[in-house]
Amino acid sequence: MSNRFEDKVVLITGAGSGLGQASAIQVTKEGAKLSLVDLNSDSLEETKKLILKTVPEAEVLLITADVSKEDEVKNYVNKTVETYSRIDGFFNNAGIEGKQNLTEEYGTDEFHKVVGINLNGVFYGMKYVLEVMKKQGSGSIVNTASVGGIRGIGNQSGYAASKHGVVGLTRNSGIEYGQFGISIKAIAPGAIMTPMVEGSLKQIDPENWEEVGKQFVQPNPMKRFGKPEEVGYLVAFLLSDQASYINAAVIPIDGGQSYKY
Ligand code: NAD
């Protein structure tokens with residue numbers, strides 16, 4: 001097994017589930033010390049349990065925080081630096097899908113909620129982590145956008161706006177911080193089978209969501225959902241020194257679906 005993260009500190013938000021959890025497991029297998037953030041403390045404990053099962057000697061700091069609140073973001077960054085003195089990799093990933101509706105029925109509160117977590121949360125994270133990385137003169141940030149951040153999907157005003165915003169932040173800050181030895185990337189996952197996607201299918205049909213899922217993946221060139229581990233491999237690569245010249249880029253991981261006409 002490669003040890004790309006030996007002596008490296010990786011900070012991950014939304015680490016209690018799905019893509020954050022899978023990426024946490026992957027980077028710890030490769031030697032990382034972890035700082036894991038989530039709104040849900042029970043799910044953080046669950047991720048820690050899974051990590052210790054694979055890597056019993058792993059160092060794992062758990063921080064319960066809401067990424068849409070700037071003071072809580074400042075606090076999770078401070079706690080990470082107090083514990084480990086540095087941050088080498090930051091997977092800025094926490095997000096929600098929000099309700100599905102036509103734009104006129106979307107709901108102003110829902111719009112603000114989704115943007116507050118998915119976009120403001122990513123901005124706050126970058127703001128405080130970049131300060132640390134700039135002092136170090138090194139670091140890699142991976143922001144979680146979505147295919148909904150590079151294409152229109154429909155019925156997802158808040159999600160689309162927030163994820164397109166994440167792409168914009170990534171491009172803008174990547175161009176600013178390359179000169180400081182820092183690279184900033186975004187991933188644009190398609191449908192990866194996590195609790196978020198399960199919830200989304202259940203919004204369409206709570207009884208027959210598995211059948212809905214089968215229909216949903218038919219237009220995908222690979223005819224299946226992605227797996228969280230597949231995203232974990234990509235995130236680990238992008239956070240590692242091997243990806244240090246990939247900057248301000250948005251990388252789809254969607255079985256090729258976003259390239260299809
Ligand atoms: P998930 O629901 O399985 O995990 C998301 C985690 O984020 C949960 O543990 C949740 O508690 C946490 N979270 C939610 N709101 C938070 C907040 N305010 N503060 C801190 N933590 C919070 O979802 P996932 O599929 O792993 O999604 C992770 C990211 O990937 C999200 O940004 C999502 O938009 C994005 N994404 C997912 C898919 C997919 O198909 N699964 C596709 C594209 C993009």
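Guide: A residue is called buried when its relative accessible area is under 20%, exposed when it is over 50%, and partly exposed in between, with a 1.4 Å probe and protein chains only. The model is predicted, so local features need pLDDT of at least 70 and side-chain atom pairs count only at pLDDT 80 or more, while totals for chains, interfaces and linings use all residues. Residues are numbered from 1 along each chain as its sequence is written, and side-chain values use heavy atoms, with hydrogens and water left out.

With a relative accessible area of 2%, Asn92 counts as buried. Asn92 belongs to strand β4, residues 89-92; helices (H or I, at least four residues) and strands (E, at least two) are DSSP runs, numbered from the N terminus. Its side chain makes a polar contact with the side chain of Asn143 at 3.0 Å. A polar contact here is a pair of N or O atoms within 3.5 Å; within protein, one atom must be able to donate a hydrogen and the other to accept it, and residues adjacent in sequence count only if both atoms are side-chain atoms. Once residues up to four places away in sequence are set aside, Asn92 touches Asn143 together with Thr13, Tyr76, Gly121, Val122, Gly125, Met126, Val142 and Thr144, where contact means heavy atoms within 4.5 Å.

The ligand itself is surrounded by 28 residues, a residue being near when one of its heavy atoms lies within 4 Å. The closest of these are Ser17, Leu19, Asp38, Ile192 and Thr194. By residue class, the shell divides into 15 nonpolar, 10 polar and 3 charged residues; Ala, Val, Leu, Ile, Met, Phe, Trp, Tyr, Cys and Pro count as nonpolar, Asp, Glu, Lys and Arg as charged, and the others, Gly among them, as polar.

Which helices contribute to this shell? At least two residues come from each of α1 (18-29), α5 (157-177) and α6. Helix α6 gives the most, with 3 residues.

A polar backbone atom of Val67 is 3.0 Å from a nitrogen atom of the ligand, and a backbone N or O atom of Ala65 lies 3.5 Å from a ligand nitrogen atom. On the oxygen side, a polar backbone atom of Gly190 is 3.0 Å from an oxygen atom of the ligand. Taken alone, the ligand exposes 820 Å², and the protein buries 92% of that; such areas come from the Shrake-Rupley method with a 1.4 Å probe, and for residues only the protein chains shown count as cover.

Thr194 sits in the loop between β6 (182-189) and α6 (195-204). It is classed as buried because its relative accessible area is 9%. Beyond its neighbours within four places in sequence, Thr194 is in contact with Gly18, Leu19 and Pro228.

The domain assignment gives domain 1 (9-190 + 228-250) and domain 2 (194-225), with bounds that come from an automatic or database assignment. The centres of the two domains, taken over C-alpha atoms, are separated by 24 Å. Their contact takes 12 residues from domain 1 and 7 residues from domain 2. The shell around the ligand draws at least three residues from each of these domains.

Several other positions complete the account. Helix α8 (residues 228-239) contains Glu229, which counts as partly exposed because its relative accessibility is 42%. Glu229 lies 219 residues from Val10 in sequence, and their C-alpha atoms are 17 Å apart. Gly137 occupies the loop between α4 (108-136) and β5 (139-144) and, at 39% relative accessible area, is partly exposed. Gly137 touches Phe180 and Gly181, its neighbours within four places being left aside.

Two residues stand out by their backbone angle. Most residues other than glycine have a negative phi. Asp7, however, has a positive phi near 65°; Asp7 lies in the segment before β1 (9-13) and is exposed at 61% relative accessible area. Asn155 likewise has a positive phi, of about 65°. Asn155 is found in the loop between β5 and α5 and is partly exposed, with a relative accessible area of 39%.
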